[in-house]
Structure formats: structure tokens, C-alpha cells
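Here is a short report on one protein model. Look over the sequence and the structure first.

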Amino acid sequence: MIASVINEAQPAQPAATGVRVYARSEHNISRAQISENALKVLYKLQKEGYDAYLVGGCVRDLLLGREPKDFDVVTNADPEQIRKVFRNCRLIGRRFRLAHVHFGREVIEVATFRGAGEAQNDQQMLNKEGRLLRDNVYGTIEEDVWRRDFTVNALYYNIKDFSVVDYVGGMADHQAATLRLIGDPVTRFREDPVRMLRAVRFAVKLGFKLHPNCEAAMHEVSELLSSIPSARLYDESLKLFLSGYSLQTFEMLRHYGLFQVLFPATENSLAIEDNGFPRLLLIKALENSDQRIAEGKTVTAYFLFAAFLWEPVQMRAQEKIARGMIEFMAYQDAANEVIASQVRSTALPRHITLAMREVWSLQPKFNARYGSKPSRLISHPRFRAGYDFLVLRAETGGADPELAKWWGKYQLADENEQRKMTQPPRKAAGGKPTRKRTYRNKPKSNPASDTAD
Ligand code: ATP
Ligand code: MG
């Protein structure tokens with residue numbers, strides 16, 4: 001049982017000395033900050049005689065005065081009872097039954113308290129690394145609390161008296177801006193290694209520091225992350241990198257040895273300089289993506305994944321070219337191989353890999369500036385993403401900045417201007433066309449050059 005692990009194996013943590021209730025006057029959560037629909041759910045459950053609390057990220061975020069991403073409700077009503085209370089309700093989940101109460105586009109998730117369960121019984125099973133495989137018993141709030149990951153995620157806002165109920169010292173940790181796992185950190189990370197990714201995500205998003213024993217445990221068991229199914233790691237990687245803090249997240253994941261589990265080929269490529277130059281494209285892509293989110297613009301997963309895997313594709317393609325393969329084939333094969341190996345870590349869906357390939361395969365096409373090709377390229381459905389990727393390469397020494405500039409100008413030009421821009425240059429005196437040259441990481445000023453990579 002997790003609760004007994006906490007008391008026996010965790011002298012460094014304050015023992016769970018029982019519940020501490022923070023009355024309404026002792027905290028800053030006001031109902032005005034809570035979604036109306038979440039309040040409706042809480043009040044309705046209460047009216048039907050059940051206990052009802054907000055829990056998890058929403059309480060943590062409300063205490064910081066931030067708007068929560070979503071509101072999670074927890075109750076002692078079981079899923080069938082919840083269903084009877086709400087007409088607009090659907091039960092979901094196999095591992096743990098949850099109720100989704102629908103209000104137009106807003107969904108309030110209502111969970112039943114989880115029980116502590118008995119390890120090895122038929123409802124809660126650990127694998128040989130200590131990972132929780134199945135977990136499906138209902139219980140009380142006192143049991144539910146120990147199933148949660150961090151103390152700051154285990155605070156319960158009680159609709160009955162608007163108090164915050166704290167069994168694990170979460171309020172003190174919240175005030176100290178500390179992420180502390182409930183119980184023995186190594187045990188909790190073994191149970192669910194994804195908690196390591198959550199630790200990084202929350203530390204970055206909230207500006208909290210990791211408790212030292214949580215940090216130490218992370219260094220110890222980081223490689224266990226590789227035991228997590230690739231579909232779940234894909235979902236987590238989206239949360240990590242589409243958060244608006246992707247650069248900091250990336251750096252922190254690398255620090256704890258977690259990035260190499262998610263993106264092994266990328267990690268490898270970062271260790272090898274390109275002709276004495278560090279590979280900066282990914283960093284720039286993350287920076288831009290954070291900037292876009294800060295400006296309220298959208299970012300697409302495929303663009304970021306294309307940036308993550310660009311250098312590995314380059315490296316493989318270059319090897320193949322050196323062995324005599326023609327460039328086009330080398331890039332095709334390299335892309336296939338890199339994607340095939342990446343999906344073993346994070347299961348990229350097909351629509352994502354297709355879009356990534358398109359962005360990559362557009363890159364050499366940007367070299368053709370003359371004749372009818374540019375006007376055809378500009379009407380390609382992925383032109384904009386391809387162009388943004390070209391700009392990224394140009395900014396980080398992988399493509400000719402003049403080429404990127406040219407395409408920037410071409411897009412904005414009127415038809416007449418576009419026609420002028422795509423006229424082939426007059427040949428040099430000897431009749432020789434402008435010389436092509438390979439362009440990689442050392443941009444020299446050669447505006448006439450028509451090639452990138
Ligand atoms: P976010 O702001 O990203 O929604 P959150 O803390 O609400 O953060 P959720 O994934 O929505 O994260 O989970 C809700 C709550 O469920 C968490 O606060 C935590 O108490 C618990 N929880 C979620 N995932 C885990 C996990 N892997 N291990 C233990 N507890 C978890
Ligand atoms: Mg949440």
C-alpha cells in the first residue's frame with residue numbers, strides 16, 4: 001500500500017500527520033475564478049448527498065491566481081451514481097472509470113475517489129519494475145490522496161465550506177514553490193515513470209523547483225521512461241512541447257537524461273557538431289514556437305517534430321550520399337529510417353509523419369527560383385510551413401539567407417513582380433549558367449547561389 005511506503009521508507013518527508021483544513025479565510029480561491037459549469041457539478045453532487053471537491057491542477061493553479069486549463073472534480077459517488085445525477089454525462093475509460101459531464105464545448109471530468117487497493121490483488125498490479133499496470137478500486141478521500149503524484153496536486157477544494165483540504169503538506173510546498181512527490185520518490189517514479197515528465201512540465205510551467213530528493217530519484221531512474229508505451233509518450237511529448245515553454249522544457253529534459261528517451265536520434269545529433277558548428281535549428285524552432293504561443297498564435301505538432309528530426313535526417317542522408325547514393329534517394333531513405341526509429345519512442349500518428357515528410361521534401365524545391373516552378377510551389381498546401389522551415393534553416397546556417405529572403409519577397413509580390421522575379425538571369429559571357437554550389441553551415445555571401453543544402 002502506498003500510504004505505508006510513505007511512513008516507513010520516507011523519513012526525509014514530513015510524516016502524514018493527518019489532515020489540515022484551510023478555511024476560506026486562509027486561502028485565496030474564490031468561486032468567481034471557478035468555471036460556472038464546474039460549480040454546477042459540485043453543487044449538484046452536494047445536493048444529491050455526495051461529497052464533492054475540486055482537485056489537482058485546477059486547485060494548484062487557482063492558488064497561484066492563474067486560470068486553470070480544466071477543472072477536475074472528485075467525489076465519493078461511484079460512476080453509476082454520477083451518471084444518475086447528470087443527464088449530460090458519459091462514462092469513459094477502462095483502466096479507471098470516469099464521468100465526463102458535457103456543457104457544450106466544456107467537459108467537466110468527475111472521478112470517484114480511488115482506493116488504496118492491495119498490491120498484487122486483481123485490481124492493482126505492479127510489473128517487475130514496480131510499474132502500476134492496473135488500478136481500478138474506488139475508495140475514500142484519505143486513500144485517494146496517496147495516489148496523486150505531487151503534494152501540490154493533492155489539494156482538495158471542498159464545495160461544502162469552500163475550504164482547502166490538505167493531507168500531505170501540499171499547501172506549504174505550494175507556498176515554497178516546491179514540487180515534492182508524495183511518498184518515496186524512487187517508488188513513485190517506478191510505479192509510473194511518466195511522473196518524471198510531469199515533474200519537468202510542472203516545474204517549468206509553474207516556475208517551481210524540484211525537491212532535492214525528487215531530483216535525485218529522477219537521475220537514478222530516468223531510463224525507466226523507456227518502458228512506457230510509445231503512444232503515451234507521444235501524448236506527453238505534445239503536452240511538453242506545445243506548452244509555450246518548450247525551450248526550457250527541452251533543456252530540463254536533457255539535464256535529467258529524459259530527452260534521450262523521447263528523441264534518441266535527436267540527442268545523438270546534438271552531440272555531434274556540424275563542421276564545428278553546433279546544431280541550432282531545433283533550439284531556434286523551440287524559441288519561435290514559444291514566441292508564437294506568447295503572441296496567441298497557433299503552433300503545429302508536425303512542424304516541431306520536423307524540426308526535432310531534421311538533423312538526424314541530414315546526418316543519415318549525408319552518409320548515404322557519401323556512399324554514392326543520389327541525393328533525392330538518400331533523403332527519402334533517411335527520412336523513412338529516422339521516422340521508423342522515432343515511432344518506437346513516441347508513436348507519431350500518420351498524419352503527422354506525412355506532414356513532416358512534406359515539409360522536408362519541400363526544402364530542395366525552394367532552390368528553383370526561375371520559370372513556372374515558384375508559382376506552382378506557392379500553391380502547395382504546405383507551402384507556408386515549408387517556407388517557415390526554410391527561414392529557420394537560413395537563420396541557423398543551414399540554408400542561404402538570400403534564398404529565404406527571396407521567397408519572403410516573392411510571396412508578397414503582385415503577379416507582375418512575381419513574373420519579373422522568376423525570369424532566369426542572363427547567362428555569363430561564356431554562356432555558363434550561374435555556378436551551383438553546396439550550401440551547408442557556413443553561409444558566405446553569394447546571393448547568386450541558387451542552392452540550399
Ligand atoms: P494540468 O494543468 O496539466 O491539467 P494537472 O495536475 O491537472 O495539470 P492532470 O493530468 O489533469 O494534471 O491530472 C489531474 C490530477 O490527477 C493531478 O493533479 C494529479 O493529482 C493526478 N494525476 C494525474 N496523472 C497522475 C500520475 N501519472 N500519477 C499520479 N497522479 C496523477
Ligand atoms: Mg488537469
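## Gly170

Is Gly170 buried or exposed? This is a predicted model, and the answer comes from a count. A residue is buried if 20 or more other C-beta atoms lie within 10 Å of its own. Gly170 has 27 other C-beta atoms within 10 Å, so Gly170 is buried.

Gly170 sits in helix α6, which covers residues 170-175. Neighbours within four places in sequence aside, Gly170 is in contact with Thr151, Val152, Ala154 and Leu155. Take Leu155: 15 residues separate Leu155 from Gly170 in sequence. In space, their C-alpha atoms are 6.4 Å apart.

## Overall make-up

The protein has 21 helices and twelve strands. Of its 453 residues, 37% are buried. Consider the contacts with a separation of 6 or more: 66% of them join residues 24 or more positions apart.

Strand β2 spans residues 52-55. Ala52 and Leu54 point one way from β2, Tyr53 and Val55 the other way. All four are buried. In a regular strand, side chains alternate between the two faces of the sheet.

β2 pairs with strand β3 (residues 72-75) in the antiparallel sense, over four bridges. β2 also runs antiparallel to strand β9 (residues 155-158), and three bridges join them. Leu54 takes part in both pairings: its bridge partner in β3 is Val73, and its bridge partner in β9 is Tyr157.

## Helix α8

Helix α8 runs over residues 194-206 and has 13 residues. From first C-alpha to last, α8 reaches 18 Å, close to the 18 Å expected at 1.5 Å a residue.

Which residues of α8 are buried? They are Met196, Leu197, Ala199, Val200, Ala203 and Val204. Seen down the axis of α8, these buried residues fall within an arc of 155 degrees, so they line one face of the helix. An α-helix has 3.6 residues a turn, so residues three or four places apart point the same way. Several elements cover the buried residues of α8, including α7 (185-191), α9 (212-221), α10 (230-241), α11 (246-255), β11 (178-179) and β12 (209-210). Just after α8, Gly207 takes a positive phi of about 70 degrees.

## Around ligand 1

What kinds of residue make up the shell around ligand 1? Seven are charged, three polar and two nonpolar. Among the residues around ligand 1 are Lys69, Asp70, Asp72, Arg148, Asp149, Asp192 and Arg195. Gly56, Gly57, Asn153, Ala154 and Val194 are also there. Ala154, one of the residues around ligand 1, is in contact with Gly170 as well.

Methods
Residues are numbered from 1 along each chain as its sequence is written. Chains are lettered from A and ligands numbered from 1 in the order in which they are written. This is a predicted model: local features need pLDDT of at least 70, side-chain atom pairs count only at pLDDT 80 or more; totals for chains, interfaces and linings use all residues. Helices (H or I, at least four residues) and strands (E, at least two) are DSSP runs, numbered from the N terminus. The expected span of a helix is 1.5 Å times one less than its number of residues. A residue is buried if 20 or more other C-beta atoms lie within 10 Å of its own, exposed if 12 or fewer, and partly exposed in between; C-beta atoms are placed from the backbone. The arc is that of the directions from the helix axis to the C-beta atoms. Two residues are in contact if their C-beta atoms, placed from the backbone, lie within 7 Å. Two strands pair if DSSP finds at least two bridges between them. A residue is near a molecule or strand if its C-beta atom, placed from the backbone, lies within 6 Å of it. Ala, Val, Leu, Ile, Met, Phe, Trp, Tyr, Cys and Pro count as nonpolar, Asp, Glu, Lys and Arg as charged, and the others, Gly among them, as polar.
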